[in-house]
Amino acid sequence: MVDIPKEITHTGHHPRMAVVWSVLSAEIERFAAGTGATLRILDVGGGSGGFAVPLAELGHDVTVVEPSANALASLRQRAADADVTDRVRAVQADADELPDVAEPGTADLVLCHSVLEMVDYPDTALDALGRVCAPGGAVSILVANRIAAVLGKALAGHFQTALDLLTHVDGVIDGRDTIKRRFETATLTALVGGSGLVTEQVHGVGVVSDLLPASAAKSETGTGEALREFELATASRVPFRDMATHIHLLARKPMR
């Protein structure tokens, strides 16, 4: 993995998100290829700009599609505070409205983080992501991992809940979950492949970081640096990758 730009590492993100930032940084580097080209980035369900604003600070143009008016208000304030208002565009819409608010084939990089768990039809959402992505562009997907949820409940002694998560086809607890589904690496890659996108990388996000108390996360260095390095080192290694709290996948839209 490439080094993460200081504009990103200094934004206070949880150490586990270093994995996602590292993948995105490598993609940006690949796109620019020494030319310093500006990416057109579409952040679907981008909330208050946790990814959008740092990417805009790196000089890229980012459009955030988000249904929450409150989140978009926070996004605008965050962009103003970072002096990147001219590079951040906010659009209030749901993920399933993407074809109505984004031109096909115009995004060099599409982010879809913690969205596929919530939509009614993830295959339809992925088709829409593929349409708005430019040929040769990339789609960054972050989803909740079913295996991690099962293990987490079992380790906490909630064995019946763990069994419910294990046996339910979507990996959810009936009537008690705030999301509609969880994924495993195999089911996610199959879904992505069905949309015409080609999976290039799969990483685990939060191999151990979400299992640790806050004090343990800072015990060794006081800054979480050791935890960050551990997450980066284990993110692509099986079986650690497949036990992480979230799965991060980078897919490519084939050239015409």
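A residue is called buried when its relative accessible area is under 20%, exposed when that area is over 50%, and partly exposed in between, as judged with a 1.4 Å probe on protein chains only. The model is predicted, so local features need pLDDT of at least 70 and side-chain atom pairs count only at pLDDT 80 or more, whereas totals for chains, interfaces and linings use all residues. Residues are numbered from 1 along each chain as its sequence is written, and side-chain values use heavy atoms, with hydrogens and water left out.

Of the 256 residues of the protein chain, 48% are buried. The chain holds 12 helices and 7 strands, which are DSSP runs numbered from the N terminus (helices H or I, at least four residues; strands E, at least two).

The whole structure contains 10 salt bridges, each defined as a side-chain nitrogen of Lys or Arg within 4 Å of a carboxyl oxygen of Asp or Glu. One of them joins Arg-252 to Glu-27, with the closest N and O atoms 2.8 Å apart. This pair links distant parts of the chain, since Arg-252 lies in strand β7 (residues 246–252) and Glu-27 in helix α2 (residues 18–32), 225 residues apart. Both partners are buried, and they belong to a salt-bridge network that also includes Arg-30 and Glu-200.

A salt bridge also connects Arg-182 with Asp-177, at 2.9 Å from N to O. Here Arg-182 is buried, because its relative accessible area is 18%, whereas Asp-177 counts as partly exposed because its relative accessibility is 24%.
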